[in-house]
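Work through the exercises below with the sequence and the model open. Each task is followed by a solution in steps.

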Amino acid sequence: MMCNDARERILQSLNITEIIEHYADITIDRQHRCACPIHGGKNRNLAIYPKTNSFYCFTCGAGGDLIKFVAKLYDITYADAMKKLDGDYNLGTFERQHKTYATIAKEQAQRKRKQREAAAFRDYQLFSYDLLTRYFKWLRRQPENAATRHDMAYIERLLDKHLDLEENPIQLEIKALIRALHTKHRKEVRQ
């Protein structure tokens with residue numbers, strides 16, 4: 001079904017007064033006025049026009065049809081508001097199953113969590129790379145022996161893997177590794 005057809009069916013099937021009372025959980029007076037739930041006003045500054053299925057807030061300037069009201073109230077796109085209304089009122093306008101607002105909010109929270117985790121991982125990558133590099137430079141200043149050469153080769157391999165971390169993630173605690181290597185050399189490096 002085309003988007004305009006779906007929009008028209010939703011607008012013809014639903015009443016803006018019922019939508020506002022249902023989603024905003026507020027009472028509308030006889031003059032078709034209520035407090036604006038979009039900006040959280042307490043005065044009756046939201047005018048509802050049942051004949052045109054539209055609204056307008058004289059304070060925040062929000063206005064439009066009942067779909068736009070739901071979109072603004074839940075801070076979702078117009079298309080998502082159409083899907084929400086279609087699903088919540090079982091209109092059957094959309095053939096595919098719609099996502100409820102709770103599902104959309106859950107997906108957004110998961111995306112934000114993944115972004116935070118990715119940022120924390122990148123920060124850890126930079127920190128560990130810096131630490132490995134500083135330790136490698138410290139090893140180069142030490143007297144050359146078999147243990148130093150072995151550790152330098154090991155750190156080089158770690159640095160090479162570290163640059164390719166997206167494809168081959170290595171799970172190791174860099175600080176613990178460097179402490180162990182320091183203990184082995186019985187020297188301390190400033191961190």
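## Exercise 1: Leu 46 and the cores

Leaving aside neighbours within four places in sequence, Leu 46 is in contact with Ile 20, His 32, Arg 33, Cys 34, Ala 35, Cys 36, Pro 37, Phe 55, Tyr 56, Cys 57 and Phe 69. The model is a predicted one.

Solution. 
- Step 1. The largest nonpolar core has 29 residues, and Ile 10, Ile 20, Leu 46, Leu 66 and Leu 85 have the most contacts inside it.
- Step 2. At least two residues of this core come from each of helix H1 (3–13), helix H2 (16–24), strand S2 (46–49), strand S3 (54–57), H3 and helix H4 (78–88).
- Step 3. The most is given by H3, with six residues.
- Step 4. Another core, of nine residues, lies apart from this one; among its residues are Phe 136, Leu 139, Leu 158 and Leu 177.

## Exercise 2: Helix H3 and its ends

Task: Which residues of H3 are buried, which residue caps its N-terminal end, and which residue with positive phi follows the helix?

Solution. 
- Step 1. H3 covers residues 66–74, and its buried residues are Leu 66, Ile 67, Phe 69, Val 70, Ala 71 and Tyr 74.
- Step 2. At the N-terminal end the cap is Asp 65, with a side-chain oxygen 3.1 Å from the backbone nitrogen of Ile 67.
- Step 3. After H3 comes Asp 75, with a positive phi near 55°.

## Exercise 3: H2 against H3

Task: Is H2 roughly parallel or roughly antiparallel to H3, and which residues make the contact?

Solution. 
- Step 1. Two packed helices are described by the angle between their axes and the distance between the axes.
- Step 2. The axes of H2 and H3 come within 10 Å and cross at roughly 15°.
- Step 3. Angles under 35 degrees count as roughly parallel, so H2 is roughly parallel to H3.
- Step 4. The crossing in which H2 passes H3 is right-handed.
- Step 5. On the H2 side the contact is made by Ile 16, Ile 19, Ile 20, Tyr 23 and Ala 24, and on the H3 side by Leu 66, Phe 69, Val 70, Leu 73 and Tyr 74.

## Exercise 4: Ser 54

Task: Is Ser 54 buried or exposed, and which side chain does it join in a polar contact?

Solution. 
- Step 1. Ser 54 is placed in strand S3.
- Step 2. The cut-off for buried is under 20% relative accessible area; Ser 54 has 15%, so Ser 54 is buried.
- Step 3. The side chains of Ser 54 and Thr 52 are joined by a polar contact of 2.6 Å.
- Step 4. Not counting residues up to four places away in sequence, Ser 54 touches Ile 16, Ala 47, Ile 48, Tyr 49, Gly 64 and Asp 65.

Definitions and conventions: Residues numbered from 1 in each chain as written. Predicted model: local features only at pLDDT ≥ 70, side-chain atom pairs only at ≥ 80, totals over all residues. Heavy atoms only, no water. Buried < 20%, exposed > 50% of the residue type's maximum accessible area, 1.4 Å probe, protein only. Helix = DSSP H or I, 4+ residues; strand = E, 2+ residues; numbered from the N terminus. Polar contact = N/O pair within 3.5 Å; in protein donor to acceptor, adjacent residues only side chain to side chain. Core = buried A, V, L, I, M, F, W, Y, C linked by side-chain atoms within 4.5 Å. Contact = heavy atoms within 4.5 Å. Axes fitted to C-alpha atoms, helices over the stretch in contact; angles between N-to-C directions. Parallel < 35°, antiparallel > 145°, perpendicular 65-115°, else oblique. Left-handed = near helix turned anticlockwise from the far one by under 90°.
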